[in-house]
Each structure stands twice: as C-alpha cells, then as structure tokens.
Amino acid sequence: MFSVTCVAPVNIALIKYWGKRHEELILPVNDSISMTLSTDELCAKTTVTASESFERNRMWLNGEEVPFEEGSRLQRCLKEVHRLAVASGSQKVPPTWKLHIASVNNFPTAAGLASSAAGYACLVYSLSRLYDIPLSEELTTVARQGSGSACRSLYGGFVQWHRGALDDGSDSVARQIAASDHWPNMHVLILVVNDARKKTASTRGMQQAVKTSQLIKHRVDQVVPDRITRLREAIASHDFQAFAEITMKDSNQFHAVALDTYPPCVYMNDVSHRIVSFVHDYNDRMGSYHAAYTFDAGPNACLYVLAEHVPHLLSAIQKVFPNDLADGDTYLRGLPIPKEQDAECSKLDSLDVHAKNAFRYIIHTKVGEGPRELSADNSLLINGLPLE
Ligand code: DP6
C-alpha cells in the first residue's frame with residue numbers, strides 16, 4: 001500500500017479566465033493571471049492511497065462519496081497522470097492498483113470560494129507525488145483538465161495561464177511569473193457575502209458567454225493581451241497603483257461580459273456593488289489606490305491591499321459596514337490584524353454607512369506558496385524528507 005497527503009492553495013484571478021475554445025480539454029479563449037493565496041488560511045488537503053486490495057477507484061469530498069464516472073473530469077485527470085507516469089518510467093506504484101482519494105477543504109464550502117481550483121490542483125499534485133512525477137508545465141495541463149483555474153494553483157506567487165494555440169492543448173500551460181516572496185506584503189481581505197456560488201455557475205456561464213456575448217470577442221482580441229503585459233510589468237515593479245487599476249477594471253469587464261451573455265448571468269449582488277462603491281470612495285479619500293476589488297462567479301469580494309494598509313482599510317470597512325458580529329471571534333478569520341492607532345477617521349467621515357450585517361465574515365490572508373506534500377503525521381516534507 002502507498003499513501004500520500006498534500007495541500008494545495010486557492011488562487012484568485014486578477015485577469016479572469018472566462019470562455020473556452022475547447023470544452024473537454026478545457027482550453028481557454030484568453031490568457032489569465034492570478035495570485036496564489038497562503039495555504040495557512042485556505043487550502044484543499046487530499047490523501048491518495050493505492051492498494052492492490054482495492055477493488056475500484058473511489059473518492060470522498062468533504063466526507064461524502066462522489067461518483068468516479070467514466071468520462072468525468074476526475075477520470076480524465078487520473079488517466080493523464082497515468083500517461084505521464086508511464087512516459088517518465090516511474091515504477092513506484094503499479095498503475096493497475098486502484099485508488100482511494102479523500103479530499104477536504106480547510107475553509108467552509110459555504111464561503112463560496114474557488115474550491116474547485118484548489119481541489120483539482122491538490123488531486124493532481126497528490127497523484128504526481130504518488131507516482132513520482134516531477135512538477136512540470138505538462139502537469140499543469142493535467143490540472144487544467146480538472147478545472148481550468150486549477151492549473152494556476154500548482155504554483156505559488158503570481159501565475160499566468162497561457163491560452164496556447166495548439167489543438168491538443170499541450171501549450172496551454174501555467175507558468176509562474178513571480179514567487180510568493182517577490183511581493184510578500186501583498187495581502188487579501190475576503191468579504192464573505194454569502195454562499196451563492198455553485199460550481200456549475202462558471203462552466204455553464206462561460207459556455208453561454210462564448211455563444212452569445214459580442215463583448216467577449218472584443219475583450220479577448222482587444223483588451224486582455226494589453227492588460228496581461230501591463231499587469232506583468234506592475235507585478236515586476238511592485239506598482240500597486242497599476243496593479244489595482246488593472247485588477248478592478250478586469251473584474252468589472254468580466255461581469256460586464258456575464259451581463260452581456262444572453263440570457264444574462266448575474267453573479268454580483270447588491271452588497272457586492274456597495275463594496276465596489278465603497279472601495280472607490282475609500283481610494284478617493286486616501287488620494288491613491290489603497291485597495292483593489294475583484295469578484296469571481298459569485299458575490300464575495302476579494303480585496304487586495306498592502307500589509308501596511310490593512311488595519312486602516314479594516315477600520316473603514318467596519319465603519320461603513322457595521323456588523324453585530326464584529327467583536328466576536330468568528331467575524332475576523334485568518335491572519336491577525338493590529339488595531340489601527342491613528343485611523344485618520346476624519347477622512348472617512350463622509351463615507352456612506354450601510355445597513356448592518358451586509359456580509360457574514362472576513363478572511364485575512366496573503367500571497368502564498370504552491371502545493372506541498374505532508375508527512376504521515378501531517379508535518380511538511382521537503383523533497384520527500386521531513387523537516388528537522
Ligand atoms: C470566474 O476554472 O471554475 O473564477 O474550467 O469550467 O472548471 P471550469 O471553470 P473554473 O472557472 C473560473 C472562473 C473565474 C475566473 C478565474 O478563476 O480565472
């Protein structure tokens with residue numbers, strides 16, 4: 001019997017992947033760029049066990065068994081990993097042995113966050129450790145076939161998923177742009193509005209967008225290529241001003257494409273829009289960009305903010321969005337936030353104050369590293385060896 005346990009991170013897109021040019025291979029219509037979040041706050045954790053005595057492949061997600069059907073994305077990932085194992089000559093585990101796979105998220109699925117990206121990245125990474133296959137660009141093409149955005153979760157820091165041009169998808173790979181220590185003070189506040197995000201929302205929403213939206217064509221041809229170049233430059237030079245503007249504009253355009261889809265896809269809700277207005281008002285008061293929002297296929301806001309500005313931004317959020325739970329220990333999760341000493345509150349006086357309890361809680365996290373293997377007692381392994 002062989003068993004491995006790994007953790008993999010969530011990533012949040014700064015330039016969104018939206019639309020496929022091949023449904024089964026999951027080939028995107030445009031490049032995308034994301035930031036990987038620290039696994040300390042949010043991660044998927046997967047244990048894969050191979051045994052001669054298992055009769056069939058089985059998988060459990062957050063404790064519930066899920067079907068392992070022929071032709072499913074799960075099955076496709078497994079087949080691809082087997083192909084890579086044979087190609088690399090790995091003989092550690094016989095490919096005929098069946099697998100039991102158990103995966104959990106360390107964050108409530110109710111948070112509606114990108115759990116499929118972390119989940120498939122973790123599955124593929126764990127299989128690669130089981131069969132002794134090195135992390136490579138080719139491995140990202142396997143994760144991509146589980147869920148497009150999952151290919152970006154195989155690396156830490158800032159990651160670009162290249163659309164590629166080949167029909168077989170072999171050049172549609174993820175590559176790291178910069179490691180997590182390149183911009184270590186890049187933090188994130190996730191404002192959890194509700195749990196409305198469903199997995200099918202993105203897959204089906206983007207299919208309809210490609211079929212019906214005229215704006216998506218303009219986005220893919222005229223907008224994204226230039227944004228990719230400019231965002232790469234902003235990341236390379238730690239330019240938060242350019243980073244913030246490109247990120248917010250791209251979130252807005254992605255949701256504009258969703259609304260241009262027929263019938264329209266509406267992912268943001270009233271609270272999401274109030275958060276957008278708040279971020280713009282707040283940045284105006286501060287005289288430059290101190291926060292940048294982005295929204296995926298759901299209403300939850302992800303705010304990028306430099307570490308030194310987190311306490312002030314949080315005081316502003318608490319002023320504008322009062323919450324009965326604000327003093328409780330489940331409201332503010334993740335990294336601790338020092339109390340703001342000099343909140344310069346006069347600057348915030350004229351901000352609109354909204355009705356109480358607009359969102360449920362806040363997760364404070366930061367840029368983080370890619371997947372890693374854990375030892376049997378769940379401690380970290382580096383190159384297969386436990387840390388001293
Ligand atoms: C809005 O990767 O979940 O989060 O490839 O169909 O599984 P499938 O879709 P998925 O879509 C993610 C869309 C997004 C933007 C992004 O992460 O780039």
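User: What makes a pair of side chains a salt bridge in this predicted model?
Analyst: A side-chain nitrogen of Lys or Arg must lie within 4 Å of a carboxyl oxygen of Asp or Glu. The model is predicted. Between domain 1 and domain 2, the count is one salt bridge.

User: Why is the meeting of Asp 296 and Lys 16 called a salt bridge?
Analyst: Their side chains meet at 2.6 Å, N to O. The cut-off is 4 Å, so the pair qualifies.

User: Which residues belong to each domain?
Analyst: Domain 1 covers 2–182 + 375–386, and domain 2 covers 186–366. Their centres, taken over C-alpha atoms, are 26 Å apart.

User: How do you know that the domains touch, and how many residues are in contact?
Analyst: Contact requires heavy atoms within 4.5 Å. On that test, 34 residues of domain 1 meet 51 residues of domain 2.

User: What is the buried area between the domains, and which residues of domain 1 lose the most?
Analyst: The two domains bury about 3500 Å² between them. Carbon and sulfur atoms carry 68% of it. In domain 1, Leu 14, Lys 16 and Trp 18 lose the most area to domain 2. Together they make up 24% of what that side buries.

User: How many residue pairs are in polar contact across the domains?
Analyst: Eleven, with both residues at pLDDT 80 or more.

User: Which strands supply the side of domain 1 that touches domain 2?
Analyst: Strands E2 (11–15), E5 (32–36), E10 (158–161) and E11 (174–178) each supply at least two residues. By class, that side has 18 nonpolar, ten polar and six charged residues.

Terms used:
Residues are numbered from 1 along each chain as its sequence is written. This is a predicted model: local features need pLDDT of at least 70, side-chain atom pairs count only at pLDDT 80 or more; totals for chains, interfaces and linings use all residues. Side-chain values use heavy atoms; hydrogens and water are left out. Domain bounds come from an automatic or database domain assignment. Buried area is the accessible area (1.4 Å probe) that two parts lose on being put together, summed over both. A polar contact is a pair of N or O atoms within 3.5 Å; within protein, one must be able to donate a hydrogen and the other to accept it, and residues adjacent in sequence count only if both atoms are side-chain atoms. Helices (H or I, at least four residues) and strands (E, at least two) are DSSP runs, numbered from the N terminus. Ala, Val, Leu, Ile, Met, Phe, Trp, Tyr, Cys and Pro count as nonpolar, Asp, Glu, Lys and Arg as charged, and the others, Gly among them, as polar.
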